[in-house]
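Here is a briefing on one protein chain, written for someone opening it for the first time. Please keep the view at hand while reading.

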Amino acid sequence: CCRKGVLCGAAVLTSWRAVRATRCRVVVVCDLSPPSLRSSALETGVMMVVDRVPRPLWQYMLTCMATRYWGPCLLLIIVLNSFGRSWHWEFEWLWAVETLTFSSIFIVPLCAGVSAFEASRLATARDLISVAPRGVRAVLSIVVIIWSVAVASVLLSLVLVGGWVLHRTAGLLPRWSDLVSLVPLFLLIALGCSVGALAGWRFPAKVTPGLTATGAFGLMMMGYVIGNGSLSGLVSTGGASGSLIGLKVSLRLIAWQSALYLCLTLLASCLIGACVLVVSQRFRTCAVLSAVAVAASVVGVLGAGERYTSDPSSQLVCEGGHPEICLVRGYDGRAHDVRAALTPYYQALEAAGVEVPDRVVQGAGESSQDLLVIDSSDVASPNDQTLRNSFIHSLSDNKCATWGGDRENDPLPVIWDWFSVRVKGEAPYAGSGVDLASMTTDQQDSLLRESIHRLQQCR
């Protein structure tokens, strides 16, 4: 069986003693077919149970394992998830990290499928590995290798995303609370790798990798949609569609999520050990204890509350002038653009004799006659539609969010059309029923003041 230090036909060996009798220093699985990805996991596993790997594991992984092919795909998926969506996260560390961690919906199923593929190939040498002293280690090495590559891809993506955030915020460093959601992400990836390896070893079929990846994706999607998202805490490690100014991730939820994913990973690993070494009682005991811990963690996650909690530590950076503009750290470099977008409105309102707010603040509070609150999206990319709404709330002293009178007497379309005519020089289109274009400037201004007064008296 041993020829020039090569062990041939390892898949058909059934005796560990026969393997040791060969005393081969270098072990390779011989295959007359061209080199392919199908023999990579089998070769690694056999080398681990017969003798030590003659090269560092990371070097062997890059030269022999399939990670050299699917590893770049992981990196591409994560980068596209961040940079392929809205770039407004570029001014907030927490929003950027939450956008990055949302890639778990894609990379966890992929890691599960790849692990199942590698484990199913390794199962070809089941008879050899099941009697080897390091048989369990050979199977779990698949989990470790694939998890390591996935984590490296996430960290490299974080460097790219973080570098862009640093550039856009003039060197603003993240807080530790901005990065804490990476912990459950790493543990969820480990869970996907473990479950995939378990499925591939237990059911070594050609369809197993695809079914495992599809099943993992389906379970994660079910967690998002069942119960109107009430179970999303069990599967969600991030994702934010809007600004997170004034918010932070709940550490209680992060702790329970991390405990859940860790216990599930231990459960899957113990089941792998029980499948490899059928006669071992310790792995069965480990699986039972892990299952109890999983049940307790599920209860903890469901009772942990919302993902985000209030963060009163947000710092405002103010730029003097009229008006005074106060923006959150990271956005303060946008003060000039915000002022440029607001100046036409301020000039037109002051010319019409309307009192304008002296202070502009970024946030999610309520506007008033002295305060204009603008959304973070208007700071990143000023939009006339939302700016007009902000001005209307301020001019009405935030007393009339919804007009409750007759539609014909609704002053909101009048103010909206006034902005179109006097600020933007456009034709009115809000359906106010008033021909502002045929009025004189004084008549338009008088109608504006009357409409603002009606808004302030609407309740």
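Arg175, Asp178 and Asp311 are linked in a network of salt bridges. A salt bridge here is a side-chain nitrogen of Lys or Arg within 4 Å of a carboxyl oxygen of Asp or Glu. The count by this rule comes to 8 salt bridges. Side chains of opposite charge can pair when their charged atoms come close.

This is a predicted model, in which local features need pLDDT of at least 70 and side-chain atom pairs count only at pLDDT 80 or more, while totals for chains, interfaces and linings use all residues. Residues are numbered from 1 along each chain as its sequence is written, and side-chain values use heavy atoms, with hydrogens and water left out.

**The chain overall**

- The protein chain has 18 helices and 8 strands. Helices (H or I, at least four residues) and strands (E, at least two) are DSSP runs, numbered from the N terminus.
- Of its 459 residues, 47% count as buried. Buried means under 20% relative accessible area, exposed means over 50%, and partly exposed lies in between (1.4 Å probe, protein chains only).
- Among contacts with a separation of 6 or more, 71% join residues 24 or more positions apart. Contact means heavy atoms within 4.5 Å.

**Salt bridges across the sequence**

- Glu90 and Arg168 meet through their side chains in a salt bridge (3.3 Å, N to O). Glu90 lies in the loop between helix 4 (67-83) and helix 5, and Arg168 lies in helix 8, so the pair ties together parts 78 residues apart in sequence.
- Glu90 is buried at 9% relative accessibility. Arg168 is partly exposed, at 34%.
- Glu319 forms a salt bridge with Arg339, with the closest N and O atoms 3.2 Å apart. This pair links distant parts of the chain: Glu319 is in strand 5 (residues 316-319) and Arg339 in helix 14 (residues 335-351), 20 residues apart.
- Glu319 is partly exposed at 34% relative accessibility. Arg339 is buried at 17%.
- Arg422 and Asp445 also meet in a salt bridge (2.5 Å, N to O). Their pairing links distant parts of the chain, with Arg422 in helix 17 (residues 412-423) and Asp445 in helix 18 (residues 441-456), 23 residues apart.
- Arg422 counts as partly exposed at 25% relative accessibility. Asp445 counts as buried at 6%.

**Helix 5 against helix 8**

- Helix 5 (residues 93-101) and helix 8 (residues 135-168) have axes that come within 10 Å and cross at roughly 150 degrees. Axes are lines fitted to C-alpha atoms, for helices over the stretch in contact, and angles run from 0 to 180 degrees between N-to-C directions.
- The two helices are therefore roughly antiparallel. Angles under 35 degrees count as roughly parallel, over 145 as roughly antiparallel, 65 to 115 as roughly perpendicular and the rest as oblique.
- Their crossing is right-handed. A crossing is right-handed if the near helix is turned clockwise from the far one by less than a right angle, and left-handed if anticlockwise.
- From helix 5, Trp93, Ala96, Val97 and Leu100 meet Val154, Ser157, Leu158, Val161, Gly162, Val165 and Leu166 of helix 8. The residues of this contact divide into 9 nonpolar, 2 polar and no charged. Ala, Val, Leu, Ile, Met, Phe, Trp, Tyr, Cys and Pro count as nonpolar, Asp, Glu, Lys and Arg as charged, and the others, Gly among them, as polar.

**Helix 14 against helix 16**

- Helix 14 packs with helix 16 (residues 384-395) at an angle of about 40 degrees, their axes 11 Å apart. That makes helix 14 oblique to helix 16.
- Helix 14 passes helix 16 in a right-handed crossing.
- Ala341, Leu342, Tyr345, Tyr346 and Leu349 of helix 14 make the contact with Asp384, Leu387, Arg388, Phe391 and Leu395 of helix 16. These residues divide into 8 nonpolar, no polar and 2 charged.

- Val143 is found in helix 8. Val143 is buried, with a relative accessible area of 9%.
- Leu247 sits in strand 3 (residues 247-249). Leu247 is partly exposed, at 29% relative accessible area. Not counting residues up to four places away in sequence, Leu247 touches Leu94, Tyr308, Thr309, Ser310 and Asp311.
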